[in-house]
Amino acid sequence: MTTQPAEAAEPGRDPEAVSRFVEGFAAQLAEAGMQRMPARVFAALLASDSGSLTSAELGESLRISPAAVSGAVRYLSQQHMVAREREPGSRRERYRVHSNQWYEALTSREAILKRWESALSEGVASLGADTPAGRRMAETLAFFEFIDGEIAAMMERWRVHREERFGRG
């Protein structure tokens with residue numbers, strides 16, 4: 001299947017090379033656990049100069065149905081990887097990736113980690129910290145608390161690094 005994002009027709013772009021990137025990167029995302037269609041839509045948005053495409057543009061470039069675009073965008077929105085925007089003076093929506101989409105996606109996981117930590121704390125209390133299951137639960141809790149702290153520190157280092165490398169944005 002040949003994928004040709006809207007910007008593939010831009011001067012100096014090889015549509016086949018863009019297509020190979022989109023499908024190859026989408027395959028890597030799918031291999032890592034992302035659903036196939038959201039991975040394709042995300043890769044197509046990422047490969048567009050504007051970082052923004054309409055549903056029709058996505059459908060045409062990826063050769064997928066409007067329903068497939070809608071489902072993929074819904075998933076990506078829930079993961080904080082894309083945002084919906086209205087075109088000025090139109091009812092059409094555009095879907096946009098932000099330059100900091102990975103940051104947003106990762107930091108949105110903090111709320112999930114906090115919920116898991118709360119559930120695990122309750123589990124330790126109900127199982128008893130001195131039981132084998134309670135100790136296992138406490139170790140799992142300690143792991144998530146550690147990860148939560150490391151993610152926060154890493155994101156702060158990323159903000160500094162990004163600003164040094166790319167400026168404020």
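**Close-up views of a predicted model**

View 1. F143, by contrast, counts as partly exposed, at 47% relative accessibility. Look also for W116 here: W116, F143 and F144 form one aromatic cluster.

**View 2. The stacked rings of F21 and F25.** How many aromatic pairs does a search of the whole structure find? There are three. One of them joins F21 and F25, whose rings are stacked, with 5.6 Å from centre to centre and 10 degrees between the planes. Both residues sit in helix α1 (residues 15-31), and because they are four residues apart, about one helical turn separates them. F21 is partly exposed, with a relative accessibility of 39%. F25 is partly exposed as well, at 24%.

**View 3. The edge-to-face rings of F143 and F144.** Here is a handy reminder for this close-up: a pair of aromatic rings is described by the distance of the centres and the angle of the planes. For F143 and F144 the centres are 5.4 Å apart and the planes meet at 70 degrees, so this pair is edge-to-face. The edge-to-face label follows because it applies to planes over 60 degrees apart.

**View 4. Helix α2 crossing helix α4.** Helix α2 covers residues 36-47 and helix α4 covers residues 66-78. Their axes come within 8 Å and cross at roughly 85 degrees, which means that α2 is roughly perpendicular to α4. Which residues of α2 and α4 meet? From α2 come M37, P38, V41 and F42, and from α4 come A68, A72, V73, Y75 and L76. In this contact of α2 with α4, nine residues are nonpolar, with no polar and no charged ones.

**View 5. S52 and the residues around it.** S52 belongs to strand β1, which spans residues 52-54. Is S52 buried or exposed? With a relative accessible area of 1%, S52 is buried. The side chain of S52 makes a polar contact with the side chain of R94, at 2.9 Å. Leaving aside residues up to four places away in sequence, S52 touches L45, E57, R94, Y95 and R96.

Note on methods
Residues are numbered from 1 along each chain as its sequence is written. This is a predicted model: local features need pLDDT of at least 70, side-chain atom pairs count only at pLDDT 80 or more; totals for chains, interfaces and linings use all residues. Side-chain values use heavy atoms; hydrogens and water are left out. Axes are lines fitted to C-alpha atoms, for helices over the stretch in contact, and angles run from 0 to 180 degrees between N-to-C directions. Helices (H or I, at least four residues) and strands (E, at least two) are DSSP runs, numbered from the N terminus. Angles under 35 degrees count as roughly parallel, over 145 as roughly antiparallel, 65 to 115 as roughly perpendicular and the rest as oblique. Contact means heavy atoms within 4.5 Å. Ala, Val, Leu, Ile, Met, Phe, Trp, Tyr, Cys and Pro count as nonpolar, Asp, Glu, Lys and Arg as charged, and the others, Gly among them, as polar. Buried means under 20% relative accessible area, exposed over 50%, partly exposed in between (1.4 Å probe, protein chains only). A polar contact is a pair of N or O atoms within 3.5 Å; within protein, one must be able to donate a hydrogen and the other to accept it, and residues adjacent in sequence count only if both atoms are side-chain atoms. Rings of Phe, Tyr and Trp (its six-membered ring) pair if their centres lie within 6.5 Å; planes under 30 degrees apart count as stacked, over 60 as edge-to-face and the rest as tilted.
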